[in-house]
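Colleague: I have a few quick things to ask about this model. Can you put it up?

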Amino acid sequence: MAVSSGEGKATPERQVASRRAGEQGLLFDTEVSAPPENVGYRGPTACAAAGITYRQLDYWARTGLVEPSVRAAHGSGSQRLYSFRDILVLKVVKRLLDTGVSLQQIRTAVSHLRDRGVRDLAQITLMSDGVSVYECTSADEVVDLLQGGQGVFGIALGRVWQEVEGSLAELPAERAATDDEDDSGEHPHDELAHRRRARKTG
């Protein structure tokens with residue numbers, strides 16, 4: 001995943017690569033804010049924000065590619081809850097798939113991303129030639145790859161972070177239940193859920 005970078009001289013090719021990287025937002029100048037950790041998003045919301053189908057979401061969860069970290073589905077009727085970070089990874093997976101990267105390579109990349117802190121993710125640019133996925137953590141590495149590979153494309157996670165943040169601002173979220181709260185998968189503001197609970201206790 002890591003890319004070794006050389007302190008290249010400002011050749012014409014390197015200047016062109018640097019300009020391309022700047023235009024694509026790949027050069028690590030994105031400011032992001034840490035999302036709240038106790039907020040989760042249901043499957044349909046995660047799909048809308050990541051631009052994927054529910055079938056993809058379900059398959060990736062069942063095969064362990066991207067599982068919901070706020071709350072996993074347990075039993076009939078329970079709702080998965082995805083964190084902001086989960087949705088960020090879902091969107092990256094979709095972008096890599098769209099450019100022809102194999103699911104096996106994507107699994108390797110996702111496994112690597114899991115080991116990184118949320119703040120770290122915003123400072124990463126993933127680049128791929130359609131076969132392998134590379135992680136760049138400096139502008140020099142990005143420029144070296146753009147200069148050296150004709151078909152190389154980049155995904156700046158800071159930019160994706162901002163896109164996901166913008167999408168989720170208009171979509172419903174829910175606070176994750178703590179141990180002493182009802183964890184039945186019902187939405188806290190769901191009137192039907194309140195009635196059901198009232199019938200059970202009344």
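Modeller: Here it is, and keep in mind that the model is predicted.

Colleague: How many disulfides does it have?

Modeller: The count comes to zero disulfides. A disulfide is a covalent bond between the sulfur atoms of two cysteines.

Colleague: Cys47, then: buried or exposed?

Modeller: Cys47 counts as buried, at 7% relative accessibility, because the cut-off for buried is under 20%.

Colleague: And Cys136, buried or exposed?

Modeller: Cys136 is buried too, with a relative accessible area of 0%.

Colleague: New topic. What is the span of helix α5?

Modeller: Helix α5 covers residues 103-114, which is 12 residues. From its first C-alpha to its last it reaches 16 Å, close to the 16 Å expected at 1.5 Å a residue.

Colleague: Which residues of α5 are buried?

Modeller: Ile106, Ala109, Val110 and Leu113 are the buried residues of α5. Seen down the helix axis, they fall within an arc of 100°, so they line one face of α5.

Colleague: Why would residues with gaps between them point the same way?

Modeller: An α-helix has 3.6 residues a turn, so residues three or four places apart point the same way.

Colleague: Where is Ser18?

Modeller: Ser18 is in helix α1, residues 12-23, and is partly exposed, with a relative accessible area of 30%. Its C-alpha atom is separated by 8.3 Å from that of Gln147, 129 residues apart along the chain.

Colleague: What about Gly166, which helix is that in?

Modeller: Gly166 lies in helix α8, residues 157-168. At 38% relative accessibility, Gly166 counts as partly exposed. The C-alpha atoms of Gly166 and Ala49 are separated by 8.7 Å, with the two residues 117 residues apart along the chain.

How values were computed
Residues are numbered from 1 along each chain as its sequence is written. This is a predicted model: local features need pLDDT of at least 70, side-chain atom pairs count only at pLDDT 80 or more; totals for chains, interfaces and linings use all residues. Side-chain values use heavy atoms; hydrogens and water are left out. Helices (H or I, at least four residues) and strands (E, at least two) are DSSP runs, numbered from the N terminus. The expected span of a helix is 1.5 Å times one less than its number of residues. Buried means under 20% relative accessible area, exposed over 50%, partly exposed in between (1.4 Å probe, protein chains only). The arc is that of the directions from the helix axis to the C-beta atoms. A disulfide is a pair of cysteine sulfur atoms within 2.5 Å.
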